[in-house]
Each structure stands twice: as C-alpha cells, then as structure tokens.
Amino acid sequence: MTGPDLPAALGTSRRTVLRRAAAAGLLVTPAAGLLGACATGGDDEGNTEQETGAKSATNPLGVKEDAALEVIIFNGGYGEKYATDVHEKLYKTAFPNAEIKHQATQAVSTVLQPRFTAGDPPEFVNNSGEKFLDFGALVNDNQLQDLTELWDAPSVDDPNKKVRDTVIPGVIEQGMFTTKDGGRKPFVLYYVSTVYGIWYSGKLFKDNGWTVPTTWEQFTALCDQIKAKGITPFGYAGANAAYYMWNVILTQAAKVGGPDVLKSIDNLEPNAWKADAILQSAKAWAEIGAKYGDKSYEGLKHTDVQLRQNQYKLAFYPSGDWLENEQKKDTPAGFEYQLMPVPSLTAGDKLPAGAIRAAGGEGYFVSAKSKNPRGGMEYMRQMLSKAGTRGFTETVGAATVVPAGSEGYSFPPGVASSQAALKAAGANVFNMMFDNWYKELDTEARTATNELMFGRASAEQWAERIQKRADAIKADSSVAKFSR
C-alpha cells in the first residue's frame with residue numbers, strides 16, 4: 001500500500017478510505033526475501049506472451065475476448081460467493097467466450113509463491129488473510145500491473161465518467177507505491193470501506209443496562225462490572241490475530257499523541273516506537289490484558305475467540321467491520337454487533353473519543369507477468385461497476401469504495417454502527433501503513449504484542465523489540481522503502 005495523508009474528504013460518511021490488513025501472517029521479508037521465495041522468470045519486464053484484443057467502446061482495455069482468466073480469492077471474512085456469484089458472472093456476461101478458473105484459499109502466499117517462482121502467476125489476486133504476499137516486495141520485483149489505464153478507462157455504467165471518478169477520494173492514492181525510478185504508480189485496488197474498533201453485543205449491553213464508555217475511567221469501571229458477572233471483559237486471539245491488538249494499541253496512541261505518531265512509525269523514523277504516546281498506550285493496554293483478559297486466549301485462533309463472544313462469554317473484541325459477516329453463521333438471533341471507538345486515555349488526548357482508524361480494505365492486484373493482465377484489469381472494472389459493487393454489498397453486507405453501489409441499502413446492525421461511527425468521526429479519521437509495506441515489521445509487532453498482553457514483556461521491552469526490527473529494516477538496502 002501507499003502512504004499518502006488521508007484527505008479531509010475521507011471524514012464524511014462512506015468517503016473515508018480504510019484498510020483491512022490481515023490477521024497474522026507468514027514471514028516474507030520485503031524485496032530480497034520475496035525474490036528468494038518468489039523469483040520470476042525472464043527479465044524485469046517479463047517475457048510471458050500476453051493476450052490482447054481490439055479496443056472498443058465496450059472493451060476499452062483491449063481484452064482478448066476468448067482469453068482465459070484465473071481468479072484467486074481469499075476465503076476469509078467475506079467468503080468467495082461475491083466473486084463466483086457476482087463479479088465472475090459480470091465478466092462472463094461481457095466476455096462469454098472467456099474461461100474463468102476460480103480458486104479460493106486461506107493461504108494466499110502458500111498457493112502463489114510457487115506460481116511466481118515458476119513464472120506462471122494468475123491474472124487476478126485477492127491478497128489478504130493470515131498468509132498474504134508482501135505488496136511492497138511484489139512492487140519491487142515488478143510483479144504488479146500498473147493500474148493507471150484501469151483508473152483512466154470509462155466506467156461500465158457511464159462512458160463519460162472515468163473509473164477513477166466513481167470511487168471515494170483517496171482510494172487510488174492508497175494503492176500507490178514508489179517505484180525504482182522514483183515515480184509513484186497505482187498497483188493495488190482497495191475495495192472495501194473498512195472501519196476498525198472494539199466490538200460488543202448490543203443485546204448484552206441492553207440486558208445489563210451497560211453504557212458504552214468513551215473515557216478510560218468509564219471503560220475500566222465497566223470492565224469491573226463485566227468481570228463480576230463472570231464474563232471475560234476483553235480479549236483477542238493470540239494464535240493468529242495479534243494484529244488486531246497492536247492495531248488497538250496504535251489507535252490509542254494516535255488519539256493520545258495525534259496521527260503523526262503513526263506517520264513516524266510508517267516512515268521508519270528513529271525511536272518512533274518509543275514515543276511517549278506509544279508507551280502510554282502500551283502500558284494501559286498491558287494492564288487491561290493483565291486484569292481483564294484470559295491467558296488461554298493466546299493459544300486460540302480468531303474464530304474461536306469470536307465464537308466465545310457470540311456465546312456471551314466475552315464482552316469486548318477488537319476487529320474490523322468484516323467481523324459481522326465472518327460470524328453470521330454462529331451469531332445468535334438478536335446479538336446485534338455494535339462498534340465502539342477505542343476510548344480516550346487521557347483528558348489531554350489530541351484526538352477526540354470518536355476518532356477512528358478507517359481505510360480501504362481487501363487488497364486486489366493484477367499480475368503484470370500473467371498471460372492476460374488486461375483481462376485482470378477488466379475484471380476490476382466490472383467489480384467497480386454499480387452492479388459489481390451492489391452485488392458485493394448485498395452478498396456480504398459491507399460497503400465498497402464506490403458510494404453508488406450501496407445507495408439505499410439497509411446494512412446489518414454491525415456495519416450500520418461502523419458507518420455511523422465513521423460519519424460521527426468527521427475529519428478525525430486516520431490510518432497506518434507499515435504492516436503492508438514491511439511484512440517483517442508487522443510479524444515482529446504481532447509477536448511482541450503477545451509478549452506484552454500476556455504478561456511476559458513490559459511496554460518498554462515491547463517498544464524496544466519492535467524498534468530494533470524497524471531499525472534493521474531501515475538499514476537493509478535490499479528492502480524497498482516507502483514513506484508518507
């Protein structure tokens with residue numbers, strides 16, 4: 001991902017771009033690390049014979065109409081039905097002679113690293129989940145298709161409107177990377193409008209007469225009440241979702257010290273992880289883990305912990321607003337998912353209690369060295385149509401980055417609450433990028449966060465450990481660097 005400052009326009013309802021990074025991951029060192037596991041055939045420009053067709057009003061990207069298209073979907077919180085039942089059908093309607101090969105997986109890197117090594121990557125990839133490929137390393141290895149032509153193409157619904165003019169402000173910039181020649185190009189489509197926060201059951205709160213806290217004092221007082229009821233107040237899954245927890249810590253830090261503390265982390269600045277706001281936040285949440293958590297959660301996966309919340313055994317759980325759809329099969333009637341922004345830590349916080357992290361989530365890319373990259377871009381163009389975005393929203397109950405796709409749609413309680421929180425936040429919306437830029441740093445942060453939250457490291461030791469890794473990455477000339 002790229003790291004531009006989020007524009008002011010992102011503060012309005014459904015106009016904020018947010019990112020859903022995956023929970024946990026397979027370690028792939030950026031740049032050189034990916035090259036070792038994902039080496040390509042041919043030179044940097046690639047030598048794969050690629051399919052092209054004649055451009056026309058209905059085929060502005062010049063797709064060869066009978067060229068095969070391979071689609072890889074991460075089968076996680078949003079499932080795969082939106083692809084098989086909506087997007088792939090739209091592509092087939094536009095190109096009925098094209099064969100579509102579909103594969104869903106929960107381990108993207110495991111499936112695709114051998115394919116890149118063999119010089120036979122698929123056209124279209126939903127790069128997400130516990131084991132996702134390092135975007136920055138893919139860019140550095142010239143594996144990703146420049147999407148400029150897609151964004152400049154006429155939209156499916158209105159030939160007088162470019163695709164770039166149908167999406168919310170900032171989403172194209174979020175998918176841009178700095179290239180080896182110093183330029184910036186769009187390589188990734190972030191498709192889902194995602195809001196992050198702490199989730200709870202509206203029913204549980206109503207039944208017990210609990211009020212949603214906005215200050216730290218209110219939060220800890222409520223945790224005491226919840227604990228007295230025999231319910232675990234707060235928890236996350238240490239086995240594969242420590243990302244959810246460092247996200248909370250850094251969100252808290254952004255509220256305390258302002259969003260520039262996150263920019264410093266993204267930019268690999270010296271001692272960024274040791275800033276006062278970061279340490280204050282880490283100390284506060286370590287105390288929550290010690291007093292209100294359950295140590296057995298360190299060995300559980302995210303779906304295990306989420307099930308406990310559905311069983312009313314856990315009150316607060318950190319996640320993004322894909323949670324509701326991911327748990328729909330296990331959520332009891334009347335549960336009513338609701339999002340709570342991370343509460344204010346001090347009276348002097350630089351951002352208000354309602355400030356939230358939000359971004360364009362679910363990253364998709366087209367493989368530059370695939371046989372049919374134009375087909376991959378056309379698949380994206382169909383995804384971004386009104387039919388494509390509306391179909392996605394109706395299938396998974398989440399908003400996309402195309403506002404027209406969800407106009408008039410009645411969201412389920414959880415997403416409705418996250419959209420309301422997004423609107424209430426106004427301009428106080430922020431994001432962070434380091435985990436997609438430097439997967440090795442993300443992995444270190446996850447490991448260190450489990451040490452912190454389950455009582456084996458202090459806030460200072462946590463910060464020291466992650467900062468050491470950040471410094472090593474900065475000093476490694478083989479790792480492509482990004483900044484915002």
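**Reading the labels on a predicted model**

Colleague: Why does Lys295 count as exposed?

Modeller: In this predicted model, the relative accessibility of Lys295 is 59%. Exposed means over 50%, so Lys295 gets that label.

Colleague: Where is the place of Lys295?

Modeller: Lys295 sits in the loop that joins helix H11 (276-292) to H12.

Colleague: What makes the pair of Lys295 and Phe454 a polar contact?

Modeller: A polar atom of the Lys295 side chain is 3.2 Å from the backbone oxygen of Phe454. The limit for such a pair is 3.5 Å, so the distance falls within the limit. Lys295 also touches Gly455. Further back along the chain, Gly235 is 60 residues from Lys295, with 9.1 Å between their C-alpha atoms.

Colleague: Which residues line the largest cavity?

Modeller: Lys295 and Phe454 are among them, as are Phe234, Gly235, Tyr236 and Met453. The cavity holds about 80 Å³ of space. Its lining divides into five nonpolar, three polar and two charged residues. Asp294 is also part of the lining. Asp and Lys count as charged, so Asp294 and Lys295 belong to the charged group.

Colleague: How many cavities of 30 Å³ or more does a search of the whole structure find?

Modeller: Three.

Colleague: And what is the volume of the largest pocket?

Modeller: The volume is about 580 Å³. It is called a pocket and not a cavity because a pocket is an open set of points, whereas from a cavity the probe cannot get out. The pocket is lined by 28 residues, and those closest to its centre are Asn75, Gly76, Gly77, Gln106 and Glu326. Helix H12 (302-310) gives the largest share of the lining, three residues; H13 and H15 each supply at least two. By type, the lining has seven nonpolar, 12 polar and nine charged residues.

Colleague: Which residues of helix H15 are buried?

Modeller: Gly388, Thr389, Gly391, Phe392, Thr393 and Val396, in a helix that runs over residues 386-396. They pack against helix H2 (81-94), strand E6 (189-201), helix H13 (323-326) and H14. After H15 comes Gly397, with a positive phi near 75°.

Colleague: Why is Thr393 called buried?

Modeller: Its relative accessible area is 0%. Buried means under 20%, so Thr393 qualifies. Not counting residues up to four places away in sequence, Thr393 touches residues including Ala398, Gly405, Tyr409 and Phe411.

Colleague: Why is Ser367 called buried?

Modeller: Ser367 has a relative accessible area of 0%, and the label needs under 20%. Ser367 belongs to the loop between strand E10 (356-366) and helix H14 (373-383). Its side chain reaches the backbone oxygen of Pro122 at 2.6 Å, which is within the 3.5 Å limit. Beyond four places in sequence, Ser367 touches residues including Phe116, Pro121, Glu123 and Gln145.

Colleague: What makes the phi of Glu362 stand out?

Modeller: The phi of Glu362 is positive, about 60°, although Glu362 is not a glycine. Most residues other than glycine have a negative phi. Glu362 lies in strand E10 and is buried, with a relative accessible area of 2%.

Colleague: Why does Glu336 count as partly exposed?

Modeller: The relative accessibility of Glu336 is 27%. Buried needs under 20% and exposed needs over 50%, so Glu336 falls in between. Glu336 has a positive phi of about 60° too, and is found in the loop between H13 and strand E9 (337-340).

Colleague: How many residues has the largest nonpolar core?

Modeller: The core has 141 residues, and Leu250, Trp273, Trp285, Phe316, Leu384, Leu441 and Trp462 have the most contacts inside it. Helix H9 (residues 242-257) provides the largest share of this core, 11 residues. In soluble globular proteins, nonpolar side chains tend to be buried together.

Colleague: What does Trp462 touch?

Modeller: Not counting residues up to four places away in sequence, the contacts of Trp462 include Ile249, Trp273, Ile278, Ala445 and Leu452.

Conventions: Residues are numbered from 1 along each chain as its sequence is written. This is a predicted model: local features need pLDDT of at least 70, side-chain atom pairs count only at pLDDT 80 or more; totals for chains, interfaces and linings use all residues. Side-chain values use heavy atoms; hydrogens and water are left out. Helices (H or I, at least four residues) and strands (E, at least two) are DSSP runs, numbered from the N terminus. Buried means under 20% relative accessible area, exposed over 50%, partly exposed in between (1.4 Å probe, protein chains only). A polar contact is a pair of N or O atoms within 3.5 Å; within protein, one must be able to donate a hydrogen and the other to accept it, and residues adjacent in sequence count only if both atoms are side-chain atoms. Contact means heavy atoms within 4.5 Å. A nonpolar core is a set of buried Ala, Val, Leu, Ile, Met, Phe, Trp, Tyr and Cys residues joined through side-chain atoms within 4.5 Å. On a 1 Å grid over the protein atoms alone, a cavity is a set of points where a 1.4 Å probe fits but cannot get out, and a pocket is an open set with protein on both sides within 12 Å along at least five of seven lines; lining residues have an atom within 4 Å of a point. Grid points are joined across faces, edges and corners, and a volume is the space filled by probe spheres set on the points.
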